[in-house]
Amino acid sequence: MSLLENLQWRYATKKMNGEKVPQEQIDYILEAIRLSPSSSGLQPYEILVITNQELKEKIRPIAFDQSQITDASHVLVFAAWDNYTEQRINDFFKRSNAERGLPDSTTDAYRTRLLTMTAVKSAEQNFAHTAKQSAIALSIAMLAAAEQKVDATPMEGFNAEALDELLGLPEKGLKSTAILPLGYRDEANDWLAKLKKVRAPKELLYTHLN
């Protein structure tokens, strides 16, 4: 199927049937996330891949009792860096240069510019930026899931502080930004499954400047 056909097929599934997604499809989605673009290639986030049912049960009330959490095969939690730090940026360039077989001095000017730009911003401002990068990865994950005919429900409706505490994210310098349950739709019990997909008409969405 084409990209547009995949996008037409997918929707924010409201009820999942509990069926397990084959590992090869999960691996495909995770690899798509890994290949996602991000500002300066930093990928300032981590993805928690949760299959433990007991843990999913604990997450569900934090996510306003959304049943997809416990009915999903896998639950992905997107967690962005809580701040840009000198060590995080330096570690990225060290790894990147090593993989490319480049001396560290090759990227010194760019690395220094990034360090300067992030140092003058508050932790809140930097987190706002890392969260946007995790949103790009989230979008790629949903596209990959649709291609695999795996349902995915992006969620921002949850108590982030409670989820962070449950998952021990503060100790890792991370903050949760989104939850993405992966599974299969239960069409018979999903009120949204049969409804027409509604999006803004072109004349409202696009402004062409010629």
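Predicted model: local features only at pLDDT ≥ 70, side-chain atom pairs only at ≥ 80, totals over all residues.
Residues are numbered from 1 along each chain as its sequence is written, and side-chain values use heavy atoms, with hydrogens and water left out.

The secondary structure of the chain comprises 9 helices and 4 strands, where helices (H or I, at least four residues) and strands (E, at least two) are DSSP runs numbered from the N terminus. Read from the N terminus, the order of elements is α-α-β-α-α-β-α-α-α-β-α-β-α. Along the principal axes, the C-alpha atoms of the chain fill a box of roughly 60 × 50 × 30 Å. Of the 210 residues in the chain, 41% are buried, a class defined by under 20% relative accessible area, with exposed set at over 50% and partly exposed in between (1.4 Å probe, protein chains only). Where contacts (heavy atoms within 4.5 Å) join residues at least 6 apart in sequence, 81% of them join residues at least 24 apart.

Two packed helices are described by the angle between their axes and the distance between the axes. Here the axes are lines fitted to C-alpha atoms, for helices over the stretch in contact, and the angles run from 0 to 180 degrees between N-to-C directions. Helix H2 (residues 23–34) packs with helix H7 (residues 123–147) at an angle of about 150°, the two axes being 8 Å apart. The crossing of H2 and H7 is right-handed, a term used if the near helix is turned clockwise from the far one by less than a right angle, the left-handed case being anticlockwise. From H2, the contact involves Tyr 28, Ile 29, Ala 32 and Ile 33, and from H7 it involves Ala 137, Ile 140, Ala 141, Ala 144, Ala 145 and Glu 147. By class, the residues of this contact divide into 9 nonpolar, no polar and 1 charged, where Ala, Val, Leu, Ile, Met, Phe, Trp, Tyr, Cys and Pro count as nonpolar, Asp, Glu, Lys and Arg as charged, and the others, Gly among them, as polar.

Helix H3 (residues 53–62) and helix H8 (residues 160–167) have axes 9 Å apart and pack at an angle of about 160°, which makes H3 roughly antiparallel to H8; angles over 145 degrees fall in this class, those under 35 count as roughly parallel, 65 to 115 as roughly perpendicular and the rest as oblique. H3 passes H8 in a right-handed crossing, with Leu 55, Lys 58, Ile 59 and Ile 62 of H3 in contact with Ala 162, Leu 163, Leu 166 and Leu 167 of H8. The contact of H3 with H8 has 7 nonpolar, no polar and 1 charged residues.

For helix H5 (residues 86–100) and helix H6 (residues 108–119), the axes come within 10 Å and cross at roughly 160°, and H5 and H6 are therefore roughly antiparallel to each other. The crossing in which H5 passes H6 is right-handed. Glu 86, Ile 89, Asn 90 and Phe 93 of H5 make this contact together with Tyr 110, Arg 111, Leu 114, Leu 115 and Thr 118 of H6, a set that divides into 5 nonpolar, 2 polar and 2 charged residues.

His 74 is found in strand E2 (residues 74–81) and, at 7% relative accessibility, counts as buried. Leaving aside residues up to four places away in sequence, His 74 touches Val 21, Gln 23, Ile 26, Val 49, Ile 50, Thr 51, Leu 180, Pro 181 and Leu 182. The side chains of His 74 and Ser 73 are joined by a polar contact of 2.7 Å, that is, a pair of N or O atoms within 3.5 Å, of which, within protein, one must be able to donate a hydrogen and the other to accept it, residues adjacent in sequence counting only if both atoms are side-chain atoms.

Glu 187 lies in the loop between strand E4 (174–183) and helix H9 (202–205) and, at 37% relative accessibility, counts as partly exposed. Beyond residues up to four places away in sequence, Glu 187 touches Ala 193 and Lys 194, and a polar contact of 2.8 Å joins the side chains of Glu 187 and Lys 194.

Most residues other than glycine have a negative phi. Ser 40, however, has a positive phi near 60°; this residue is found in the loop between H2 and strand E1 (45–50) and counts as partly exposed at 24% relative accessibility. Phi of Asp 65 is likewise positive, near 60°, and Asp 65 is placed in the loop between H3 and helix H4 (68–71).
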